[in-house]
Amino acid sequence: MAVEQVVAGLSLVDHHVHGAVTGPLDRAGFEQLITESDRPVPPWMSTFDSQLGLAIRRYCAPLLELPEHASADDYLAARSQLGEEAVNRLFLGAAGVSDYLVDTGHLGDAVTGVEDLARLSGSRTHEVVRLESELEYVASEESNVVAVPDALVRRLEERTAGAVGLKSIVAYRHGFDFDPTEPSAPDILTALDRWYASGTTRVTDPVLLRWLLWTGARRGLPLQLHAGFGDTDLQLHRTNPLLLTEWLRLIEPLGTQVVLLHCYPFHREAGYLAHVFPHVHLDLGLTTMYVGARAAAVLAEGLELTPFAKLLYSSDAWGPAELHYLGATLWRRAVTSVLGGFVQQGDWSAEDAERVARLWARDNAIRLYQLD
């Protein structure tokens, strides 16, 4: 069977994703959700004029019974007429995903939860618990900082009972240039005192963030870390995963598996880390969607050093269900192009290409997250 047919028929495990938006979207609302910028879209431009915007018009329009490359106006009119729930069912059902691993920690009230995503997609869903959100919840419940460390452990035991993984957004809250050593109990209490005295509810203290990382690593579940490209909350130069090198060395004896999410433009650096550390894995999820027609080039670079057993598929879709569908569609096209090209060149056999595609699409995630 040709590589293209094998990849087209693969049922994906989307190991890092969020829910789909439930309310109706006008043009401004939709355009704001197809960019990583949180700034208003300037009146003289449209976010449809981007790799992602063109990919929506090319690959999503036919599902709305529109011609490929239909105008943005026609596209938005068609999805509005259909209604958001029907749009969600349409695109989620067409993605070809058997399992969604859902991070519920980002604006969860604005999108479908784990159960609703399963209902709309017909896929299995599993939760990934965000560490920072859990500490913020514990702090809201505990007035005495001395009680927080034990309360956090109890909270994580409760929240991870049915979860398949943990996630940290330390890249957003501080960056990876933190002291890699595990903080002492007195240091943690001092940092908690500082945080409580500040009156803020958002945890950004680097001592508390690295305490969360160590606490998460000790839970034993796979630990996802956002790396690289994201919205304007982060400072990109501080999210280079190479800055994690010493921390990765220190936690290696714990046996915890670390998953670097998205990684662009540091995907080659992430590939190096996955190459040299047995407990490091990566995906190129959000990247694949936003680079659109250039996805094959970026995925090929990600393949340069990354062991094939360390590659995972994700969309990181949040908001319009088109993103859940498009992540899968662009991944399939890019993987077919790259692996099929290796076969045509005579560098790979067709059997090896098909095997690597299956590993990347689902088998690696099933093993890593111990999915049934």
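How far apart are the mean positions of the positive and negative charges of the chain? The mean positions of the 30 positive and 49 negative charges lie 2 Å apart, with Lys and Arg counted as positive, Asp and Glu as negative, and His and the chain ends not counted. The place of a charge is NZ of Lys, CZ of Arg, CG of Asp or CD of Glu.

The model is predicted; local features need pLDDT of at least 70, side-chain atom pairs count only at pLDDT 80 or more, and totals for chains, interfaces and linings use all residues. Residues are numbered from 1 along each chain as its sequence is written, and side-chain values use heavy atoms, with hydrogens and water left out.

The chain has 17 helices and eight strands, taken as DSSP runs (helices H or I, at least four residues; strands E, at least two) numbered from the N terminus. Its radius of gyration is 21 Å, close to the 21 Å given by the globule rule for 372 residues, so the chain is as compact as a globular protein of that length. The radius is taken over C-alpha atoms, and the rule is 2.2 Å times the number of residues to the power 0.38. Of the 372 residues, 56% are buried (under 20% relative accessible area; exposed is over 50%, partly exposed in between; 1.4 Å probe, protein chains only).

The loop between β6 (258-262) and α13 (267-276) holds P265, and the peptide bond from Y264 to P265 is cis, with omega near 5 degrees. C263, in the loop between β6 and α13, has a positive phi of about 75 degrees although it is not a glycine. C263 counts as buried, at 0% relative accessibility.
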